[in-house]
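Subject: Handing over the structure

Hi,

Here is the structure I promised to pass on.

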Amino acid sequence: MADMLIKNAKTVLTMNDDDHVTRDDILIRDGVIVALGPDLETTGEVIYAENCVVTPGLVNTHHHLYQTLTRAVPGGQDALLFGWLKTLYPIWSHFGPEEMFTSAQIGLAELALSGCTMSSDHLYLYPNGARLEDTIHAAAEVGLRFHPTRGAMSIGESNGGLPPDALVEREADILEDCIRVVDAFHDPSEGAMVRVGIAPCSPFSVSRDLMRDAALLARDKGVMLHTHLAENDEDIAYSLEKFGCRPGQYAEDLGWTGEDVWHAHCVKLDGQEIDLFAKSHTGVAHCPCSNCRLGSGIAPVRAMRDAGVPVGLGVDGSASNDVGNLMAEARQTMLLQRVSQGADAMSSYEALKIATRGGAQVLNRPDCGQIAVGKRADIALWNVSGIESAGSWDPAALVLAGPNRVQHLIVNGRQVVRDGQIATFDLDKAIVQQNRLTLRLSERI
């Protein structure tokens, strides 16, 4: 891989251990940052960044990429979580491999344009022959670092669960396929482009046995665990009624705490649960826009951060957000904490650090999330010469004044976005395909 040099940046926000803000040039070789300093030179490609603020790539810790085919669906736009799911389940039952691949392409491209270099994904339904690798192949084409999780639902409506019976799987089959995809695609090495996690969907769609068995399997395989937890008041009520305990205790009892676990949402964690997560280093994927859209509430991010809980950001699925812009999530994170805790509750810099270094910590990727020698070259360049930043006194205040779309995006030393456009595949063609599939789904329904 040829060298690449990022030169003459206006500002570099390193997010390193010392939070250095510099104007250093950045030299990249074989996907790794090999030098930082003034007046660096290379015989390889040079990206001149005079008008740019440079940051580590943003990290998305929770998504359902398949949902980019079901944005703004009538009937689900004004419902709480459970009602929203019941509206969407019948539509999702018509998906297949083609829908999974194309929706992942579009979702990951949208993330890339918002500065994201690494994304997780939580795929928990597999109708009509769909498989996890449909999304893995899409991520390879887009060029993002990817952490897909093999999700699952096993308790259908006939057994007291929320999803229709047609979308649930036998638990033995779920565990068998988890083994298959981990063995086939998980790469534990430093700098890996794909890592696979195990992710039963939620306490209201799988059994205790599957949660426990999934935790045992993940630890045997050395992979991470992910699920939804404490998302809203309905979620808490379900846990109390069905399990006789709050979600945090349920998770702890079944082996779902630890530095190899991260939970999505956690809007309704109480003080004891926050302390449990802090002591066990259990991560949280905070999804502020989706939480607002579904009326779930404001997650106690300030309290989590102060206690030492690892927190990253997630856009969540595009059926509940309905966009996939991580910079918008960083801004919303800051604003909601200020609404609930006061104007000094969170700075724009801290929100951006949660979106970068915080997400990398949650996904157990110390090789990513910062601009430092020896770290992976996952880097976003934001042009601050446009109207969004015109008049801004602080060019580094991206969360406050924008822009929220990158000029250039580099992933593992490869340019994925160039001059504001996806550089790795034909996005226009994929959008046409996405809209064709959406029309076909709507006609079926």
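By class, the residues lining the largest cavity are eight nonpolar, six polar and two charged. Here Ala, Val, Leu, Ile, Met, Phe, Trp, Tyr, Cys and Pro count as nonpolar, Asp, Glu, Lys and Arg as charged, and the others, Gly among them, as polar. Keep in mind that this is a predicted model, where local features need pLDDT of at least 70 and side-chain atom pairs count only at pLDDT 80 or more, while totals for chains, interfaces and linings use all residues. Residues are numbered from 1 along each chain as its sequence is written, and side-chain values use heavy atoms, with hydrogens and water left out.

Back to that cavity: its volume is about 130 Å³. Of the 16 lining residues, Leu 81, Trp 84, Leu 85, His 228 and Glu 231 are the closest to its centre. Helix H1 (residues 81–92) gives the most to the lining, with four residues. A search of the whole structure finds one cavity of 30 Å³ or more. (A cavity is a set of points on a 1 Å grid over the protein atoms alone where a 1.4 Å probe fits but cannot get out; lining residues have an atom within 4 Å of a point. Points are joined across faces, edges and corners, and a volume is the space filled by probe spheres set on them.)

Next, the sheet. Seven strands make an open, mixed sheet in the order E3-E2-E7-E16-E17-E18-E19. Strands E3 (21–22) and E19 (421–422) are at the edges with a single partner strand each, so one side of each has no neighbour in the sheet. Inside the order, E16 (residues 379–383) and E17 (residues 408–411) pair antiparallel over three bridges, and Ile 379 has Ile 410 in E17 as its bridge partner. (Strands, E, at least two residues, and helices, H or I, at least four, are DSSP runs numbered from the N terminus; two strands pair if DSSP finds at least two bridges between them.)

Some backbone details too. The peptide bond from Asn 321 to Asp 322 is cis, with omega near 10°, and Asp 322 sits in the loop between strand E15 (311–313) and helix H11 (326–341). The bond from Gly 402 to Pro 403 is also cis, with omega near 5°.

Met 15 is not a glycine, yet has a positive phi near 55°; Met 15 is buried, at 0% relative accessible area. Asn 128 has a positive phi of about 55°, but is exposed at 54%. (Buried is under 20%, exposed over 50%, partly exposed in between, with a 1.4 Å probe and protein chains only.)

Cheers

Key
1 Å grid on protein atoms, 1.4 Å probe; cavity = no way out; pocket = protein on both sides within 12 Å on 5 of 7 lines; lining within 4 Å.
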